[in-house]
Each structure stands twice: as C-alpha cells, then as structure tokens.
Amino acid sequence: MPLFHNIDDAPEHVAPFSHAVEAEGWVILTGQMPTRPGTPDAPLPEGIEAQTRQVMVNLETVLKGLSLDLGDVVQCRCFLTAFERDYAAFNEAYKAFFASDRLPARTTVGVTALAVGALVEIDCIARRRQPA
C-alpha cells in the first residue's frame with residue numbers, strides 16, 4: 001500500500017497533493033516551488049539562481065522529513081518557464097546540491113507557466129537504501 005506523506009516543515013501546499021508518496025522503497029516527491037516554508041504569500045526569490053536554490057532547499061526539507069537526503073535521489077524532472085534564457089544559470093545552481101559523481105538522471109523542459117508565477121519547479125524520485 002502506498003504511504004502518503006505531508007511534512008510539517010515543508011512549504012505549504014499550492015494545490016491538492018501530498019509532499020511525497022512512497023511505495024516499496026520508492027519515494028516520489030511532488031514538484032517543489034520556490035516558496036519559503038511558513039511564508040507562502042511572500043514574494044518569490046528574484047531570478048533563476050535564487051529560485052533554484054529555494055526549490056532545492058524545499059526538496060531537501062521534504063527528503064529530511066522522510067529520513068532521506070539528496071544522495072538518495074535517482075531522478076529529477078525540472079521545468080523552466082524561460083528555458084533558453086535560464087538554462088545555463090539553472091544548471092550552475094542545481095549542480096551545487098549534488099556530488100559531481102552522484103548526479104541523478106534528469107529531464108529538463110521548457111513550459112509556458114508554473115504555479116505561483118515561478119521560474120522553476122523540480123520534482124524527483126528517491127529510493128530508500130536497502131539493507132546490505
């Protein structure tokens with residue numbers, strides 16, 4: 001049976017969803033926006049680098065609430081509203097959160113719009129480490 005997780009320290013929901021759903025060791029995280037936990041109506045950080053960092057911090061918060069971290073992430077899907085303009089700067093901000101030899105599989109696509117007027121959204125899949 002799947003487990004539906006909502007994390008107290010994570011950002012407030014901007015739609016009807018769970019922060020993560022888990023089944024058989026796989027943990028699928030809902031896309032995170034660059035909103036700050038506890039201040040959902042505050043202005044978003046300025047620019048793609050700052051928004052990317054906030055999204056990654058939000059993903060870390062959800063993972064931490066599940067006793068996981070970014071080292072457990074096996075795949076990310078990234079969505080950018082200004083793909084051509086922001087792709088290079090996004091990559092620089094994104095890669096700082098992962099060890100260079102442990103980069104998850106990734107797809108990045110351009111989209112016409114995202115919730116809350118964000119420039120970036122990232123979702124991911126993590127896998128619980130199996131006992132040796």
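**Basis**

A residue is termed buried under 20% relative accessible area, exposed over 50% and partly exposed in between (1.4 Å probe, protein chains only). The model is predicted, so local features need pLDDT of at least 70 and side-chain atom pairs count only at pLDDT 80 or more, while totals for chains, interfaces and linings use all residues. Numbering runs from 1 along each chain as its sequence is written, and side-chain values use heavy atoms, with hydrogens and water left out.

**Aromatic cluster**

At 4% relative accessibility, Tyr 94 counts as buried; Phe 98 is buried too, at 9%. Ring pairs join Phe 90, Tyr 94 and Phe 98 into a cluster. Rings of Phe, Tyr and Trp (its six-membered ring) pair if their centres lie within 6.5 Å; planes under 30 degrees apart are stacked, over 60 edge-to-face and the rest tilted.

The structure holds 3 aromatic pairs. In one of them, the ring centres of Phe 90 and Tyr 94 are 5.6 Å apart with planes at 35 degrees, so the pair is tilted. The rings of Tyr 94 and Phe 98, with centres 5.1 Å apart and planes at 45 degrees, are likewise tilted.

**Salt bridges**

There are 6 salt bridges in the whole structure, each a side-chain nitrogen of Lys or Arg within 4 Å of a carboxyl oxygen of Asp or Glu. Among them, Asp 72 and Arg 129 meet at 2.6 Å, N to O. Asp 72 is buried at 6%, whereas Arg 129 is exposed at 60%. Asp 69 is linked with Asp 72 and Arg 129 in a network of salt bridges.
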